[in-house]
Structures are given as structure tokens and as C-alpha cells.
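User: I am new to reading protein models. Please take me through some features, with the general idea before each case.

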Amino acid sequence: MLVHEALHRATEVARHWTASGCPVVIHVDASVPRKTYRSFREALAQDPLITFSARHKCEWGMWGLVAAAQSASELMLERFPDVRHVYLSSGSCLPLRPVAELKDYLDARPRTDFIESATTADVPWTVGGLDAERFTLRFPFSWKKHRFLFDRYVKFQRRIGMKRRIPNGLVPHMGSQWWCLTRQTLSAILQDPERPAYDAYFQKVWIPDESYFQSLARLYSTDIESRSLTLSKFDYQGKPHIFYDDHLQLLRRSDCFVARKIWPGADRLYSAFLKPETAERRTAEPNPTKIDRLFAKAVERRTIGRPGLYMQSRFLHHSWENGVTSAPYSVFQGFAELFEDFEPWLARATGCQVHGHLFAPKRAEFASGQHILNGALTDNAALRDNNPRAFLTNLIWNTRGERQCFQYGPGDKQGNNWLMAKDSNAQISVISGAWAVPLFKSNLNFADIRKEAAKLQKIESEFLDVLRSPWAKARVRIWTMAEFIEAPMEPLQSVVDEIRIRSPHRLTEAPRMTDLTGFGKFLQNLKNQGMHPYLMGDFSVTPDDPDSSNLPRRPYLVQ
């Protein structure tokens, strides 16, 4: 047993092994304080089947872990000559089945070595980009404590083309650190005349505890089963899963003999699996694949998650989200400016919740003048603008089951342009140039109007470029204002039909269009002042009637 923490649990597990007649050699990390180490030894001093090996300082990815396993194995073979199989475990390992069942299993396979051992080309689980290079480069620096030196030295070796010579006859293999080897194979590894050369080589290999015994066992074993008898699961980052009390039934279902890593505070697990053995014995084959599906789901939930729901573990990884938002929604640009009663009309026509300008500078204009929406989402502009992406995705998530529609425009905060454009749930309908209608109806100085019009047109033009980009996935419809007002019912009908896809119906009336008398002249004045309003389309002004335009002055009514 390799122990470095939770010594009280290691005490329980060691006594459980020896109660079934299995001798135990314990290695305690040299970083454990001497006082703690002495207390640990004294607690187990009365058990004749427990002994302690020389201590080494163990650090992840470094040689100390191999040295600790070597020292403990040598002591095991020397002190207990009747031992046929040596099982390497850690202080956080827990036997899941009676020790007698493990004995029976090994008795039936007296010459079989259980050690995961695969060539670098066949290993799919390595994380970090170093497979074959861990055997051809040198790694004198700790990856955990000296990350800067580790990375710089790797880059330096790559740049100068440094490549280590692998000892003759040795083919590097990798696998789980936790093995069960026969006395014959283990003694051959430890007593090999070439061991000094092998040790010197592996001392500069990265993570040698996952390659030293895995490679050398291939030289001496006559029967290898390339698997570990210890159940250990790792997440997408290569970190071990920790088992807690609520994993009890899951661990039982695996039929594995030993599992790691067990949380030291899992009292229920320790009491359930360390109880006295019964006479009843099972012969089930260890099968960790029985629970692989659940772990795959856990990895999927952590890395992909539910559509439109964000969590901390995915924030640092761009595009890990499973869909930008959780449900379809509609964005309207220019409609509320062109129609006087567009929002209540759309709510009646579709049955959706229709908001005003959610990204207006002063506040989020929630439907019906609400200040707080589902999920305690506030209309406060400062909070919204602190994270506009989260504001929109939370709004869609919190109101799922009811389609959301909102107004948008160049006068709004533009932080979510790419978010909406790349969102396949978004339905974006734009009447380009309609932002000029409020300016037309304003009583501002014309110089100020011209300046504001130039700014709004530039913002809208950039938004339209985003919507027309090859990366846009939203359902986008764009009309110039001139072409829209020529026949507004057709585009309105298509927009409503897409929202009410399950129950389409024919519109009988359109919303009331604002009075646009003189709008053509207004646009001509902008042109005369040096500002070209090109996004509105072609509005002609006849010489005979300078205030006339090609715009209707009455609301549309379809019989």
C-alpha cells in the first residue's frame, strides 16, 4: 500500500487485508510528518502481517512513486516467501468484494499477471500532448511544482532535436499504476542485472509509475492480461473520479475487487465494504464496463451539458456549450419603429411573450413593464451589461416552455451580435433603415439628426455584416424599409408562421403603421447634408409633390 494521507482509513483497510490472511507492506510518503508516521506505525505494530518499507518522497509524475513500489515489493518478496501474487494499491483504495473471492480468482490464474500495458500508439487516454515524447525527452522538473521550467525545457529539447536512446530490447508501454503481478514476474523485474540501466532511464521519463512496470513486465511475463483489477475512473482532464457514499450501489454493480479513489469521509462505503466476510462467495468476473455508461454521461454533462445551460467547468473552454441557448426565440429589428402597436399585436398573433428593447441603454424593457423576470432576472442595465451573454441565455433558459420575442436595434447595446448570429435557436428579422423613423419624428436640430443617423447606420451595417457572415447559424430575414412597406403582409405572415409552426393561421390584419408622410423628403434632406441613408432602400420623392412618398398612410386590413 502506498500511503500519503488519511492514515486512519489506511489503518482500517490494512487490517481488513490481514484479517483474511494477506500480508501487507506499507510505504508512507516521506513528506508525512515523523510524528504522524510514528503514530501510524504504533497503531499497526501488533499485527504480524503488516510491515513498513523504506520511505521515499513521492510526487505525481516523478520517480519517487516507482522507488516506493520497488522498495515495498522487495520487502514483500523477502519477508513473505509464500506470496504468489503481489497487489499494488494506495491508501485511498477500498476492497469491494471479500478478500477470499480475490484469492480464489488468483488461485485459478496462478501464472497470470494483471497489468494494463499498451504501446503509446494504442493508448487513447493520455491527456496533455505527451505520448511517445515522454520516453524520448528528459523530464527532470516537476510538472506540478515547476510548470514553467517543465514547459520551457520540453520546448528547448524539441527545438534542438534532443532524443533519448531507449534501452535495447525495451518497448515502452503504458497503463494504470495499479497492478497485480506474480512473484515470478515481479522478482525478475527487481533482480534483473540490467535494472540499474532501466532505472536510470525511467528516472527521467515523465510519469514513470505508469510505464516502468508496464514496460518491463513485457520482457518477463508469460501470461499478461492487459487490465487492472482495480476500478479507477478518470475525467476528461485525466483526473481521477472520487467515489462518495452515494456511489455505493454503483461500486457494487461493477463486480471489481478494489476501487480507488475513495473519499476519506465516505463512512457508509467503508462500513459497507469492510464488514466481516461471509461464507458465501461469488465468481463474477470483474466488469468495470457495467458502469462506463454512467461515467460517460457524467463527462458529457460536464463538458457539453444541457442545451443552453452554462456552468463553471465549461466557462474556460470556448464553444463547449451544447447549443448557445436552450430554446427558440425571435428578434425583431425595425418593426417597433415602423408599427405603432407592434408588440401587443405580435403577442396576440403568436401567443408569445413579447418584450421591448431588452438591450436598451437605460433598462431591459421586459414585457408588460415588468422589472423582474423569471429566475430573478432584473431589468437593471448595469447588471445586464456586465455579462450580456449570460443575461440572454439565462432569460431563454428561465422561460423555456414559452417562446420569447424582443426588439433590437442599432441604438441598443450590441454585445450579443455574434452570439445571436451563431445561435441556431435565433430567428432574426430585420427591416434595415427603420431606425430613421424615430429620428424623422423627433424635434432635434437637423445637424444632430444627421450625426445620429450616420452613427446608427454604421452600427446597423456592421450588424448586417455579422448576420450575413458564413458563420451565422440563425434564421435570418432582412428587408430594406422600402421593399417591406410595399407589401408588409407577406413578410409578417412568414415571421408569424415560423413562430407558430405547430398551429399556423392566416393573418387577418397587420399592426398599425406609423404615419410616414414626408419621410422621403427627410431622407433627401439627409442626402443633401452629406449623409447617404442607403440602408432604407429606394424612396423616391417626385418634384410635383415634395412631401409625397411611396408609403401608405393607413393601416393594412386584409379581408
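**Reading a buried serine**

Analyst: S221 counts as buried because its relative accessibility is 15%; buried means under 20% relative accessible area, exposed over 50%, and partly exposed in between, with a 1.4 Å probe and protein chains only. This is a predicted model, in which local features need pLDDT of at least 70, side-chain atom pairs count only at pLDDT 80 or more, and totals for chains, interfaces and linings use all residues. Residues are numbered from 1 along each chain as its sequence is written, and side-chain values use heavy atoms, with hydrogens and water left out.

User: Where does S221 lie, and with which side chain does the side chain of S221 make a polar contact?

Analyst: A polar contact is a pair of N or O atoms within 3.5 Å; within protein, one must be able to donate a hydrogen and the other to accept it, and residues adjacent in sequence count only if both atoms are side-chain atoms. S221 lies in the loop between α9 (212-220) and β10 (224-225); helices (H or I, at least four residues) and strands (E, at least two) are DSSP runs, numbered from the N terminus. The side chain of S221 makes its polar contact with the side chain of D113, at 2.5 Å. A polar atom of the S221 side chain also lies 3.2 Å from the backbone nitrogen of D223.

User: Is D538 buried or exposed?

Analyst: D538 counts as exposed because its relative accessibility is 63%. D538 is found in the segment after α23 (519-528).

User: How do I read the side chains of strand β17?

Analyst: In a regular strand the side chains alternate between the two faces of the sheet. In β17, Q404, F406 and Y408 point one way, C405 and Q407 point the other way, and all are buried.

User: Which strands pair with β17?

Analyst: Two strands pair if DSSP finds at least two bridges between them. Strand β13 (residues 329-333) pairs with β17 in the parallel sense over 5 bridges, and S330 has C405 as its bridge partner. Strand β14 (residues 353-357) also pairs with β17 in the parallel sense, over 3 bridges; here Q353 has Q404 as its partner.

User: How many cavities of 30 Å³ or more are counted, and which residues line the largest cavity?

Analyst: Rolling a probe the size of a water molecule over the atoms shows where empty space is left. On a 1 Å grid over the protein atoms alone, a cavity is a set of points where a 1.4 Å probe fits but cannot get out; lining residues have an atom within 4 Å of a point. Grid points are joined across faces, edges and corners, and a volume is the space filled by probe spheres set on the points. The count is 1 cavity of 30 Å³ or more, and the largest cavity holds about 40 Å³ of space. L2, L65, V66, A69, L88, Q177, W179, D209 and F213 line the largest cavity. α3 supplies the largest share of that lining, with 3 residues.

Conventions
On a 1 Å grid over the protein atoms alone, a cavity is a set of points where a 1.4 Å probe fits but cannot get out, and a pocket is an open set with protein on both sides within 12 Å along at least five of seven lines; lining residues have an atom within 4 Å of a point.
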